[in-house]
Amino acid sequence: MFDVYLFLKKRLLDVCLIALSMTIIPTVYAKPDLTPLGENIADQGSQYYQFKVQDFQSKDQQRKYKVWLGIPKHIDKNKPLPVIYMLDGNSVMSHLDENQLKRLSERDQLVLVAIGYQSNLPFESASRSVDYTPADASGKIQPDPRNPERMSGGSPQFRQVIFEQIMPWVNVQAQTAQVTVDPQRTALWGHSYGGLFVLDTLLNNQQHPSRFSHYFAASPSLTWADSRILQAIVKTPSEVLQGQKLRVMEGDFMVSKATEVSFNLDHAMIENNRQMVLDLAVKGVDAKLVLYPNLSHGQVFQAALMDVLNDRLF
């Protein structure tokens, strides 16, 4: 029998049950801000991190990626360094500044890998719709059930890009900089559709053993495609998931019913996250739910990202 807790920010519990004393009302899923981005810290230069940038493309040559690799300048060469792979890399880079990098360089000396697109937008909606969403039983890329003008279900192909192109490049660059990457502290982070990709990668971890040691799914779109990811969790054998480490990070911001909300609205957001964490815990996953009071779906992006970077969550 699981105890019932209210998870407050900065406190991690093995299993989180969120008890709501208020009537559930719609959660805000505002459209993301797509204002073009200016220069980021990699363009400006940092006293604490050296950045390298490399372009990649999907196997079908339809999606073009831009990857930022940040390596601390002053390191202990005898100490393996943790590394985090972050989706929506364009937006991630816009949230990093010199003060942030100074803190990282003084603490765990985290290696940063931000996987984005060759675009000046914070989110490349059509491309991430393909790359971050799990395939159906056919395994084919098909129209997105939520946005039929976009395609979806390309997460297996995107994983191939990460494992066959991006990771080897990161490892070569790290070796050149005389950095050893710690395989026991190699994390994957994603938000919204990116959170779906994180969960789908967790469920398929036997196809890529030891690639990631920790998984961070921030406000994942659990009800996408008739809750395809939740159905996949139910079907995944426990032996595939034993010992995996997952943090699900979610906001609880509520608004009045009169407020205009997105069609991506999940009316049972917290309940779905709670049940998913419980289901995964039963299957042997070290699963925790982090709840951010008064933060919306979009606001969780920065809050969850900064917590993972700053608070040594892996």
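The model is predicted, so local features are reported at pLDDT of at least 70 and side-chain atom pairs at pLDDT 80 or more, whereas totals for chains, interfaces and linings use all residues. Residues are numbered from 1 along each chain as its sequence is written, and side-chain values rest on heavy atoms, with hydrogens and water left out.

Of its 314 residues, 54% count as buried. Here buried means under 20% relative accessible area, exposed means over 50%, and partly exposed lies in between, for a 1.4 Å probe and protein chains only. Contact means heavy atoms within 4.5 Å. Among contacts between residues at least 6 apart in sequence, 77% join residues at least 24 apart.

The structure holds 9 salt bridges, each defined as a side-chain nitrogen of Lys or Arg within 4 Å of a carboxyl oxygen of Asp or Glu. One of them joins Asp 131 to Arg 63, with the closest N and O atoms 2.8 Å apart. This pair links distant parts of the chain: Asp 131 belongs to helix 4 (residues 125-131), while Arg 63 sits in the loop between strand 1 (49-57) and strand 2 (64-72), 68 residues apart. Both Asp 131 and Arg 63 are buried. Together with Asp 60, Arg 63 and Asp 131 are linked in a network of salt bridges.

A second salt bridge is formed by the side chains of Lys 102 and Glu 106, at 2.6 Å from N to O. Lys 102 and Glu 106 are separated by about one helical turn, because they stand 4 residues apart in helix 3 (residues 98-106). An α-helix has 3.6 residues a turn, so residues three or four places apart point the same way. Lys 102 is partly exposed at 31% relative accessible area, and Glu 106 is exposed at 53%. Asp 286 and Lys 288 also meet in a salt bridge, with an N to O distance of 2.6 Å. In this pair Asp 286 is partly exposed at 28%, whereas Lys 288 is buried at 8%.

Attention now turns to a pair of helices. Two packed helices are described by the angle between their axes and the distance between the axes. The axes of helix 6 (residues 193-203) and helix 7 (residues 224-235) come within 10 Å and cross at roughly 30°; axes are lines fitted to C-alpha atoms, for helices over the stretch in contact, and angles run from 0 to 180 degrees between N-to-C directions. Helix 6 is therefore roughly parallel to helix 7, since angles under 35 degrees count as roughly parallel, over 145 as roughly antiparallel, 65 to 115 as roughly perpendicular and the rest as oblique. The crossing of helix 6 past helix 7 is left-handed, that is, the near helix is turned anticlockwise from the far one by less than a right angle. Helix 6 contributes Tyr 193, Leu 196, Leu 199, Asp 200 and Leu 203 to the contact, and helix 7 contributes Trp 224, Ile 229, Ala 232 and Ile 233. By class, the contact comprises 8 nonpolar, no polar and 1 charged residues; Ala, Val, Leu, Ile, Met, Phe, Trp, Tyr, Cys and Pro count as nonpolar, Asp, Glu, Lys and Arg as charged, and the others, Gly among them, as polar.

Helix 7 also holds Val 234, which is exposed at 58% relative accessibility. Val 234 and Asp 279 are 45 residues apart in sequence, and their C-alpha atoms are 7.6 Å apart in space.

Helix 10 (residues 300-310) is largely enclosed by the rest of the structure, because 10 of its 11 residues are buried. After helix 10 comes Arg 312, with a positive phi near 55°.

Most residues other than glycine have a negative phi, and most peptide bonds are trans. Asp 88, although not a glycine, has a positive phi of about 55°. Asp 88 lies in the loop between strand 3 (81-86) and helix 2 (89-94) and is buried at 2% relative accessibility. Asn 294, also not a glycine, has a positive phi of about 65°. Asn 294 is located in the loop between strand 10 (286-292) and helix 10, and at 57% relative accessibility Asn 294 is exposed.

Notes
Helix = DSSP H or I, 4+ residues; strand = E, 2+ residues; numbered from the N terminus.
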